[in-house]
Amino acid sequence: MLKRFQTDFKVVAVENIGDYYYMLSLKHPEKLPVMLPGQFVQVQIPDSANTYLRRPISIHDFDYSAGLMHLLIRKAGHGTKLLSTIAVGESVNILYPLGNGFDIQGMGNRPLLIGGGVGVAPLYALAKEAQSQQKEVYALLGARSSKDLLCLDKFEKTTVKTEVTTEDGSLGTKGMVTNHVYMNDMLSMFTSLVVCGPMPMMRAVASIAEKAGIPCQVSLENKMACGIGACLCCVTEDKDGHNKCVCTEGPVFDSKELKW
């Protein structure tokens, strides 16, 4: 695991994405340390007497040369809604990088990245890093409707072969990601699946992968308080009946390790 840091970042941009999401762009005061796609941060909510705990957020993207880190955040509760109102130029204290990232070498040469809702967040940095390692990356992004799709424009600006599903059929294939041809007739072309999103979606994808004998990595989004393995509120059960601490042993797991 990489060394942890606690740093005050300066807010350089807050971009609202629809009604429920926003992109928080943060500038490191010196130089970003090494971070891995799939890791997360714990963000302290500034100027909030009612918010005692930091909020766990996936690292969406980072730029070492510019010293920038980008977080894609859903307005899920009081803390994340309050954070969306922070002004450019203010500071945010962050504990980072936390957890284990994706096993990029273990994905093989043609991985399929599958994201549902805000679960798309950690997959963008992964796609860029995997491509830099000469992998042929495919992506499948799912949402309720075209208005709910996140980061499609960013994926389309890369050479990642990106497909879309929407539950209402407003864009791409109608239905869930499991309805797409990538997950059915074309599944055998992929060397692995990497998925992040709602638990039912991850469970369904993991089941398909196991039946097909294809490696599958999942990034869990369990509720976390401390982010460092002290409170144990984020544990999940593995197939052997043992509790895995998601914030320290994950959030990325081999899907075959977990009890679904």
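Start with helix α4: at 1.5 Å a residue, its 14 residues should span 20 Å, and the end C-alpha atoms are 20 Å apart, which agrees. Keep in mind that this is a predicted model.

**Stop 1: the two sides of α4**

Select Met-201, Met-202, Val-205, Ala-206 and Ala-209, the buried residues of α4. They cover an arc of only 130° around the axis, which puts them on the same side of the helix. Now select Pro-200 and Lys-211. These two are exposed, on the other side of α4.

What do the buried residues of α4 pack against? Show β8 (111-116), β12 (192-196) and β13 (216-219): these strands are their packing partners. Then step past the end of the helix. Gly-213 follows α4, and its phi is positive, near 75°.

**Stop 2**

Glu-210 belongs to α4 (residues 199-212), while Lys-239 sits in the loop between β14 (235-237) and β15 (243-245), so the pair ties together parts 29 residues apart in sequence. Color both by accessibility. Glu-210 is partly exposed at 44% relative accessible area, and Lys-239 is partly exposed at 45%.

**Stop 3: the other salt bridges**

How many salt bridges does the structure hold? There are six. Select Lys-128 and Asp-61 next. Their side chains form a salt bridge, with 2.9 Å from N to O. This pair links distant parts of the chain: Lys-128 is in helix α2 (residues 121-132) and Asp-61 in strand β5 (residues 61-63), 67 residues apart.

Is Asp-61 buried or exposed? Asp-61 is buried, with a relative accessible area of 9%. Lys-128 is partly exposed, at 33%.

Move to Lys-244 and Glu-249. Their side chains also meet in a salt bridge, here 3.7 Å from N to O. Glu-249 is partly exposed, with a relative accessible area of 36%.

Then select Arg-110, Glu-136 and Lys-161 together. Salt bridges link these three residues in a network. Side chains of opposite charge can pair when their charged atoms come close.

**Stop 4: the largest pocket**

About 1,300 Å³ of space lies in it. Its lining counts 45 residues. To centre the view, select Arg-74, Val-118, Gly-119, Gly-197 and Glu-221, the lining residues that lie nearest the pocket's centre.

Which elements each supply at least two residues of the lining? Show β4 (55-58), β6 (68-74), α1 (78-83), β9 (138-143) and α4. β4 gives the most to the lining, with four residues.

**Stop 5: Val-43**

Finish at Val-43, in strand β3 (residues 40-43). Val-43 is buried, with a relative accessible area of 0%. Leaving out residues up to four places away in sequence, Val-43 touches Arg-54, Arg-55, Ile-57, Leu-71, Leu-83, Val-92, Asn-93 and Ile-94.

Technical notes: Residues are numbered from 1 along each chain as its sequence is written. This is a predicted model: local features need pLDDT of at least 70, side-chain atom pairs count only at pLDDT 80 or more; totals for chains, interfaces and linings use all residues. Side-chain values use heavy atoms; hydrogens and water are left out. A salt bridge is a side-chain nitrogen of Lys or Arg within 4 Å of a carboxyl oxygen of Asp or Glu. Buried means under 20% relative accessible area, exposed over 50%, partly exposed in between (1.4 Å probe, protein chains only). The expected span of a helix is 1.5 Å times one less than its number of residues. The arc is that of the directions from the helix axis to the C-beta atoms. Contact means heavy atoms within 4.5 Å. On a 1 Å grid over the protein atoms alone, a cavity is a set of points where a 1.4 Å probe fits but cannot get out, and a pocket is an open set with protein on both sides within 12 Å along at least five of seven lines; lining residues have an atom within 4 Å of a point. Grid points are joined across faces, edges and corners, and a volume is the space filled by probe spheres set on the points.
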